[in-house]
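Visitor: Hi! Could you walk me through this protein model, piece by piece?
Guide: Happy to. Let's look at it together.

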Amino acid sequence: MTVQTVEYIRYRIPEQQSAEFLAAYTRAAAQLTAAPQCVDYELSRCEDDFEHFILRITWTSTEDHVEGFRKSELFPDFLAEIRPYIADIEEMRHYKPTTVRGTGAAVPTLYDWAGGAESFSRLTEVFYDRVVKDDLLAPLFEGLAPEHAAHVALWLGEVFGGPKAYSEQQGGHGHMVAKHFGKNITEAQRRRWVNLLQDAADDAGLPTDAEFRSAFLAYIEWGTRLAVYFSGPDATAPAEQPVPRWTWGAMPPYQP
């Protein structure tokens, strides 16, 4: 998989030209929006010195930017809009992300929002109590180990931003995937699993706000569809990889 690259273009625009500059980039942005090589973009203005602007563009790769976008039919129209400001560029470079990354505490993790370890333990206890009594799912969990619910609680907790307890005690994503090999999970069983887990979330008292539940369900849909694939006859084991970390997605947590 190609690693994305971030292009930063720093401008110094005389304040009396800033309105025209912003209007030009508003028009030029249409070409970025249409470019398959462009992941996202953002133009920021310095609060301390209004003459300084930074354009950040995430490209699928440096090559896709240079050999793709710049040689595409979109580029001439883009260049026509920004050409008057090329002389005002102070820096234009591509950057690759490093491993130094993370989030602050301004937005809580889904794990914290849900109530932490206690909530996920309660969720899986309620859920597996339902599972072993369900005519469609019970055969998949015949001989269920007593510690299974606790292990899944650790998994879900880590997925939703909690401690890396599952990774430390059980393994990474590949370890969880391996548990599904050969089970031949059907779509009907997958859908029942999703529905029962949502019911268990209600009974266990997990938050019911739309933002949390949409993120919660998004992971459950994603995870169960992977489980169906890896349980099938054509599945191949993935390369070892970390436990996925799920976030709020399209909507941040609701604040009244």
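Predicted model: local features only at pLDDT ≥ 70, side-chain atom pairs only at ≥ 80, totals over all residues.

Visitor: Which residues are buried in helix α3?
Guide: F75, F78, L79 and I82 are buried in α3, which covers residues 75-82. Buried means under 20% relative accessible area, exposed is over 50%, and partly exposed is in between, using a 1.4 Å probe and protein chains only. Helices (H or I, at least four residues) and strands (E, at least two) are DSSP runs, numbered from the N terminus.

Visitor: Where do those buried residues fall, seen down the axis of α3?
Guide: They fall within an arc of 95°, so they line one face of the helix. The arc is that of the directions from the helix axis to the C-beta atoms. In general, an α-helix has 3.6 residues a turn, so residues three or four places apart point the same way.

Visitor: And what do the buried residues of α3 pack against?
Guide: They pack against β1 (5-12) and α1 (18-34).

Visitor: How do α1 and α3 run, roughly parallel or antiparallel?
Guide: Their axes come within 9 Å and cross at roughly 165°, so α1 and α3 are roughly antiparallel. Axes are lines fitted to C-alpha atoms, for helices over the stretch in contact, and angles run from 0 to 180 degrees between N-to-C directions. Angles under 35 degrees count as roughly parallel, over 145 as roughly antiparallel, 65 to 115 as roughly perpendicular and the rest as oblique.

Visitor: Which residues make that contact?
Guide: On α1 they are A24, Y25, R27, A28, Q31 and L32, and on α3 they are D77, F78, E81 and I82. Contact means heavy atoms within 4.5 Å.

Visitor: New topic: what about α9 and α10?
Guide: The axes of α9 (residues 187-203) and α10 (residues 210-231) come within 10 Å, crossing at roughly 150°. That makes α9 and α10 roughly antiparallel to each other. Residues making the contact include W193 and L197 of α9, and F216 and I220 of α10.

Visitor: Can we switch to strand β2? Where is E42, and what is it in contact with?
Guide: E42 is in strand β2, residues 38-45. Leaving aside neighbours within four places in sequence, E42 is in contact with I54, L55 and R56. E42 is partly exposed at 41% relative accessible area.

Visitor: What about L43?
Guide: L43 is in strand β2 too, and is partly exposed at 27%. Beyond its neighbours within four places in sequence, L43 is in contact with F21, L22, Y25, F53, I54 and L55. L43 and I57 are 14 residues apart in sequence and 8.7 Å apart in space, C-alpha to C-alpha.

Visitor: Last one: how many disulfides are there?
Guide: The structure holds 0 disulfides, a disulfide being a pair of cysteine sulfur atoms within 2.5 Å.

Visitor: And C38, buried or exposed?
Guide: C38 counts as buried, at 14% relative accessibility, while C46 counts as partly exposed, at 27%.

How values were computed
Residues numbered from 1 in each chain as written. Heavy atoms only, no water.
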